[in-house]
There are 2 protein chains.
Amino acid sequence: MMPGTQPARGTRDFLPDDIRRREYVVGVVRDVYERYGFEPLETPAFENIDTLLGKYGEEGNKLIFKILKRGEHEASGEADLALRYDLTVPLARVVAQYQNELPRLFKRYQIQPVWRADRPARGRFREFYQCDLDAMGSTSPVVEAEVLGAVSEILTTLGFSDFVVRLNHRRVLTALLEIAGVAAAQHGDALVALDKLDKIGAEGVAKEFSARGIAEAAGVKALTFFTAAPALPESALTWLTGLLAGHEGVANLAAIVRLVESTPAAGRIRLDPSLARGLSYYTGAIMEAAVEGIGSLGGGGRYDDLIGMFLGRDVPACGFSLGLERLIVVMTEREMFPPSVTGGGVDVVVTFMDDESRGEALGLATELRAQERRVDVFPEASRKFDKPLKYASSRGARVMAIFGENERARGEASIRNLQTREQQTVPRDQAAAFIARLLNQEPRTKNQEPRTENLRTLEP
Amino acid sequence: MMPGTQPARGTRDFLPDDIRRREYVVGVVRDVYERYGFEPLETPAFENIDTLLGKYGEEGNKLIFKILKRGEHEASGEADLALRYDLTVPLARVVAQYQNELPRLFKRYQIQPVWRADRPARGRFREFYQCDLDAMGSTSPVVEAEVLGAVSEILTTLGFSDFVVRLNHRRVLTALLEIAGVAAAQHGDALVALDKLDKIGAEGVAKEFSARGIAEAAGVKALTFFTAAPALPESALTWLTGLLAGHEGVANLAAIVRLVESTPAAGRIRLDPSLARGLSYYTGAIMEAAVEGIGSLGGGGRYDDLIGMFLGRDVPACGFSLGLERLIVVMTEREMFPPSVTGGGVDVVVTFMDDESRGEALGLATELRAQERRVDVFPEASRKFDKPLKYASSRGARVMAIFGENERARGEASIRNLQTREQQTVPRDQAAAFIARLLNQEPRTKNQEPRTENLRTLEP
């Protein structure tokens, strides 16, 4: 029986243009992260299963891909390894493992795929890349300002002119729930419901509050807080100070808002007291980069307790995760990629008319490649040129070089400009220079079609 | 209980210098592959288990990491997915899946990790990168010449001046076994033993021949062939022609040897009739790049039948796989990496003496980063400079900028050259330009230590 040829459910094969788009975005991300003093880190695709279990809540546990024991233990049906589910838990493990080698202030970025057994849906995959940056070792709001500065610089460089950064604080969120009268035991339920405010609106959240047993008066009051708050930072801070005078979280937000003005995130901040971002491990600032009509492009926050799960003592940390797939989808839809990113292909196709000319063809290709040109040798002798020309066209080549017995006898090469369809014979030792001039003359366009009626002139 | 902090057995965490070394090699590989007209391809980390099972022999089946079914099916202990074991089988699947979209000549490269549950050993890991290039759609020896040209150009660019390319042909190997009198049914056994010729010598192979039941006379004769063959291509071809006049495999080798002379593999070829490279799917040329005293850096060959397992019709193909880990280990031992590859770190550390100066510090960092400089802001106010200086030293910074209340009051910044230990106060709006001049003046060296007796002068 022939095996299937589809990739596994929820995963994708990445063809050349997909990879080039991703490499372009990753290149920008990496360049900015490095200028902000972050260092690259990578961890293995799988971890010991105990490293991951229990870190992502009950729902997360179910979505982790687990790897069967091997050899004689395979029959037990037990798993001892699990695929990376995010980049934060492996980071926490690394910080604990290398605590004596890493600097007290450790700034790292990590760009790797993660795997989640979510139900696949449009734009949601079981294998996808995360681009994380995290700074460990300091509680200073300078860290949040730097993280938001880096993320904003990336989005600006990629061409997003319309993004905002939503900002909240875990303890402000809790304090508002408290003064609304939501019982502490119900804060988790309230946050899950609030997280949907964008999607289901205030009425929807109110329904979910009551479904989760939150007292109606408290729910109404909480919703008033979360929908009445002004978004622009100055007025939002005034409003928050009115409700929570002297609150540490408000002071922290005020410091971040002020510092961010000295970074590329200046003017982007919107305070949003309802922003929760699901994750229970945030302890301070909560952040999200979003575009109107598109939604979140990534998010993060401060998590001062997580690393302690591995290290036994707390290490303050703040991080941000950019959604690479989302960025690529939006940039593709909005045609934000420079034309040079995709297309690939080659500059020149070298072809030969008889097997005796193969060495000549390879030799010219070697010369052109030494000059940084992309070159294909059409590998089969062709007396007719329809196949090589079709191939050259499919690869976007602008020039075709041709070797046959006439050329060989005279020590020449025939060079065809595939855009003008002009063909010329030049001495063999000048062929590379001649092609270089042709390539420097005209900008390259994609998929120029050779006119077939001209092919006849190519035949000997 | 605190979870362990080690990476899973046989895997590694990649710290910054590890990643920079790998990125350097991958950058060279990618650049050369693209100049040879190969396009990037990537496939998912896991495949449907049926895609992989049965493709790597009985031993391979055992070494495949298998992923447990999820949800209610988890308890069954069954696996439905498996981690990528090499890059060739996924390629064959892709060619079958996208046969109508891909050109008839399809040249792709793929640089991704693979996973094998081998017993870990020094330099042998369960997660490692492969760098494959494959050309599909043509049986022309031009393809082999192009593949060997690209691999040779990579090794030369990386600084290997002493490599050779061992070359053999599957059908020549079989023909030699035949005329030695080894029964066809024992060719597989003979190849397994022959593959160890380098490691265990002719005597060892002879023992293994007899242990595997190969007739002594045939074994002795075969060994004579495989050890007596001259290595240099011209004499080896003459020798082979004497034994196997008119053999198609010999003619193919002769064509490859001649064509390679027009590529960067010129002068590198050594014919080696004993080269088998284990894999049973080779149908034509078998190739290996090797360095004296170090061994194989990668290998490949022609496999015209493998893709047919997925496609139902054969597609000729020829490929080569470079061992990235091996390259990195050897290059590290031989100190072949340019000094600029590792080190990382930053150019400038900006520090502040009081919280009121944080915005100034971030603002200067933003200016410097806009000029492509790598900059860290030491996130905590420090009246004493031992901590920031120690940090700046650990990050390899050459300049430290300092903001305190004096600087703020006078609209200035203090700039310290960490190499000369000279410190100077400049107007705030000239600080970035002043630092740029300092950084352009002197080459950066690693780990310069500030003299602590000078620190006192920094304090207000």
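## Strand pairing in chain B

In strand E9(B), the bridge partner of Val164(B) is Ala290(B). This is a predicted model, in which local features need pLDDT of at least 70 and side-chain atom pairs count only at pLDDT 80 or more, while totals for chains, interfaces and linings use all residues. Residues are numbered from 1 along each chain as its sequence is written, and chains are lettered from A and ligands numbered from 1 in the order in which they are written.

Seven bridges in total join strand E7 (residues 163–169) of chain B to strand E9 (residues 285–291) of chain B, and the two strands run antiparallel. Strands are DSSP runs of E with at least two residues, helices are runs of H or I with at least four, and both are numbered from the N terminus. Two strands pair if DSSP finds at least two bridges between them.

Strands E7 and E9 belong to an open sheet of eight strands in chain B, with the order E1-E5-E6-E11-E10-E9-E7-E8 and mixed pairing. Strand E1 (39–40) and strand E8 (269–271) of chain B stand at the edges; each has a single partner strand, so one side of each lacks a neighbour in the sheet.

Helix H1 (residues 16–35) of chain B lies across strands E5 (106–115), E6 (127–136) and E11 (317–323) of chain B, and runs at about 160° to E5(B). Such angles run from 0 to 180 degrees between N-to-C directions, with axes fitted to C-alpha atoms, for helices over the stretch in contact.

## The contact between chains A and B

Chain B and chain A each bring 82 residues to their contact, where two residues are in contact if their C-beta atoms, placed from the backbone, lie within 7 Å. On the side of chain B that touches chain A, helix H14 (residues 358–370) of chain B gives the most, with six residues. By class, this side of chain B has 38 nonpolar, 22 polar and 22 charged residues. Ala, Val, Leu, Ile, Met, Phe, Trp, Tyr, Cys and Pro count as nonpolar, Asp, Glu, Lys and Arg as charged, and the others, Gly among them, as polar.

Chain A has 17 helices and 16 strands. Of its 460 residues, 46% count as buried, that is, with 20 or more other C-beta atoms, placed from the backbone, within 10 Å of their own.

In helix H6 (residues 170–180) of chain A, the buried residues are Arg170(A), Val172(A), Leu173(A), Ala175(A), Leu176(A), Leu177(A) and Ala180(A). The elements of chain A against which they pack include strand E7 (163–169), helix H7 (187–194) and strand E9 (285–291). Just after H6(A), Gly181(A) takes a positive phi of about 95°.

Technical notes. A residue is buried if 20 or more other C-beta atoms lie within 10 Å of its own, exposed if 12 or fewer, and partly exposed in between; C-beta atoms are placed from the backbone.
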